[in-house]
Every structure is written in C-alpha cells, then in structure tokens.
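Dear colleague,

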Amino acid sequence: CLDSDVYQIARSCLEKGFSIGSLNAVSRDPALFTAMPEEIAALPVWDTKKVAWKKERSLLHHALAEGQKKSIRSRNALVLADRFLKQPRFYLSWSCDYRGRMYSQQSQLHLQSSDLERSLINFADGCKLDERGKYWAAQAVGSAFLGSKTSYQERNAWTHNNKELIEAIADDPISTSSQWEVADDPWQFLQLCLEWNKVVLKEEKHLWDVPIGADASASGLQLLSAMRRDPKGMEYANLFAASSPSEPPKDAYMEVLRVARELAKKDKEAAWMTPYLKNRKLGKTILMKVLYGATPPTNRTDVKLVLIDDGLFPDKVDYKGVIQLTKLLRVASASVFPKAFEALDWLREVYKAAKKNGSKSLRWTTPNDDSIHLIENKTLFIDVRTSHLGQVRLGTEQGDVPDFYAMRNAIAPSFVHSYDACVLKSSFKDWTHPLSVIHDCIKVLPNDMDRALDRVKKGFVHVVDGDPLARLADDLGVTEKQLKRLPQGTASLEDVLDSTYMLN
C-alpha cells in the first residue's frame, strides 16, 4: 500500500522546488530571466566577454532542460501514487527471465525502482515488533543513513543515539530536510524515521509496515568463490562470521583498490595513478562487472563515467589514462581473487568445448531442477535509407543462425545469475510472510529478518553444494577428457551458516 506520509512530503518538496536525492524538482536560475547587460550587448560578437556571457547562459538553459527531463519521472511517480493513495492494498506483478531472475513488470512505483519510489511503498500487512524486530528496525534506520559498510553494532547505536534528530525529522520533515537529505538513502531514511518515531518512540502506531532490506555482498563473487571453496574469496564476500560484533563487513571493492595502489607504486610508469585509486566505485565497477563477463571496453566506459562524476576526466585523467586505469584495476581484481577469475576463464573454455561438440545452444539444470536454456541467434536486419540520417540499419527479429560470439560472452553472467536466482527460489519457495526480492536483495518485515537470513544461508549452501562447475560441464556434454575440472579449495560451506554479513 502507499505510504501517505512520505507521499505528502514528496509532493510538498516538488511544489516548493526542493530537489532531494532521486526527487527532482525543476529549478530555474534567476539569471535566466535577466537580459544581456547593455555594455556587453554593445560589444562585437567575437568579443571574449560576450562569448563568455552567451556560453554561461547556454549552460543555464542546458541545466534547466536536464532538470525538467529528470523531474518527469518524479512527477509521474507521484501522479501514479495519487491514484492508489486511498486503496487499502494494491498488487505488483512479476516475471522471471530465462535464468529465473525476478523483475517487476511495473515501470514505476515498485521496490526495484529509485530511492524515492521505494519509500512510497509499505507492505499492506504489518507486524507488531518483537525484540528482534526492534533490533532489525533500528539497524535499518542506521543503515539508511550511514550505508551498509559499517557494523550492525554501529548502525543500531546510531539510531538509539540520534533519538532527538529522528523526532525532529518526523515532526517537521521539510524544515529539517538538510539533516536527512545527506543520508545514504534519503527517502527510505525519512520513511524509516517516520515509522520508528510512530511505532517505537511515541508508540502511537500498533503495527510496523515499512519493508527493510538486506543485500548480498557481491553475489557473483560469493557464488564463484563458494563453488571453488576459495577461503580468500569467501572471506571478502562476507561468507564467514565476523570476528567481533564491532567488525564491519569486508569490502572486496576496496581491497581491489588497495592492491591496485600497491601495483601502481611499484611501477614508475603507473605511479601517477595512485591518487586516483580511492573511489570505491572504481573497484566496484570493475570487479562486479568482470565477474559477470564484462569486456575491457565496457569497463573503460564505466571507469570514465566515475572519473567524470569526480571531475577528473579529461583534465586530470585523459582517455589514455582511462585505458591504463582500467587495465590496472582488472589486473588487481584478478590478483586479489584468482580462483573466481580462473572460473571465468574456465567457463569460456567450457563454451568452446561445447561448441566444438556441435552445440548450437547451451542448456543446464540448476539444483532446483530448473532447466536454463541459453539461445543467442543473429538478429535479422533491414537497411532503410533516410533523407537526413542516411542509411539506417534496423533489427527486425531473431533469425535461426546461432550467434556463437554472443553465447560465449553470455555464458558466465547467465550461469552466475541462474544460481543467484536459484538461491532465492530455494530460500523462499514456501515462504508465507510479506516479501519482495530485487535480484540478490530481499525486503521483509523486521520480525521476519532473522528467519529470512537463515533461509538464505541454507539456500546458498544447498545451491553451491557439490561441484556446480563440474555439473555444468556434464550438462553441456563436455567430458573430463575434453576439459579438466577445476580443483576446489579448503574452505568449508558449513561456515556460511554462521556468516554475519552474507546479506547486509
């Protein structure tokens, strides 16, 4: 159902022109409405002052156009929310792709959408918080403000130590917006503050309705490391118990950056990169995507976008520098997690052997007995000659000629995604409580979080038990004589059942 409080606050912010997080209001700079000063208007068109004035005005118009474009989604979300505001409940529909991954079939107002849109939704059926429910609710408030890189202990302490701030935000969200817009997820933080204040602090609301989430720590790394029984990969994917309550989750992406800095310092030609290897997004955009088969060109594009956001491209780091940074980060990722990268190389070899055996598509079975069928055929095109764009090629349909290059690139991400979908299916096949899944993330009521995490751990162990990589080769008809199976390490899957931050 709709969260009417968050809806009213978001609508008020939009009307007042306040842009907060993923809520984008249209802001018009007063300079847009001022005429060109007479002394500048009298200058010739090539004069630097006149050129600078026109350039500044052009940038303001461009910013306004971008703001209007971004604002459309925020406005559409609130218009849609208004339609459901008085409904006691509404239903979301979901679909699974060929790998079993679940996707919302709604374009807006669902729990796979933006921070704002997630904050507009409550579960229609709430719960009366028990002690563990209060613990997880407090953790959710702290996590929405601090992010999920701190310990559970620190997140809970933040919530209890900031009672006055939470009350002030709940009492007057608009005037305190500067206090909550800096949160990691500002709108979900606001929603949680309002609920915590009503249910726990003031005890004026009987049931807790707001979904709280837990997200897998690098699910691709988790799955491949566990399949290989790799102790280091499993440690940095948070598949083991934390050594103490105050220990934060391990961060595989920061470890990649640390190793990349060490490699850069040892190489005179690469030393210049050291100051630019600090933004966690650089480690994430490489490691997370490479584990799903991303190519160097894709990685370079992502690295460039991070550098643009940091104001470093192209002044401090040019395109040649982007290429060098990307190469270094890929090398660092492979050196930190060699077992996972060996698995990626091995998956490509499995594909080559299957193709050599005559396979024109790939089919394997998950531990849940779901059949995954990967088919990539070349797209049929027609060429259209236009008056302004010249010849344009348009895809019409998928033909019947196998696209072996596409299948080679798709096997790693398809295999890994089929297994993270399998984890959720194994964990929640008979679940009867409120639940939403977002790829490798779950949202439940606070009282249900302990049993949900317990189920995910058991589901994970069930899915990676045995030798999934060897099973894949067997399913694809690739014999051990054709391709040697990868050896497994010494880590124990039983330790996963005690992990602290597997879902965090």
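Predicted model: local features only at pLDDT ≥ 70, side-chain atom pairs only at ≥ 80, totals over all residues.

Residues are numbered from 1 along each chain as its sequence is written, and side-chain values use heavy atoms, with hydrogens and water left out.

Let me start with Lys-278, which is found in the loop between helix 12 (252-266) and helix 13 (280-290); helices here are DSSP runs of H or I with at least four residues, strands are runs of E with at least two, and both are numbered from the N terminus. Not counting residues up to four places away in sequence, Lys-278 touches Met-254, Leu-257 and Arg-261. Lys-278 also lies 8.2 Å from Arg-258, C-alpha to C-alpha, although the two are 20 residues apart in sequence.

Is Lys-278 buried or exposed? Lys-278 counts as exposed because its relative accessibility is 57%, given that exposed means over 50% relative accessible area, buried means under 20%, and partly exposed lies in between (1.4 Å probe, protein chains only).

Asn-197, in helix 9 (residues 186-201), has a relative accessible area of 3% and is therefore buried. Leaving aside neighbours within four places in sequence, Asn-197 is in contact with Glu-167, Ala-170, Asp-171, Lys-202 and Glu-203.

Helix 19 has Pro-468, Leu-469, Ala-470, Leu-472 and Ala-473 as its buried residues. Which elements do the buried residues of helix 19 pack against? They pack against helix 10 (219-228), helix 16 (338-356), strand 4 (362-365), helix 17 (404-428) and helix 18 (449-464). After helix 19 comes Gly-477, which has a positive phi, near 75°.

The segment after helix 19 (468-475) is also the place of Asp-495, which is partly exposed because its relative accessible area is 36%.

Finally, Val-384 is placed in strand 6 (residues 377-386), and this residue counts as partly exposed because its relative accessible area is 31%.

With kind regards

Technical notes: Contact = heavy atoms within 4.5 Å.
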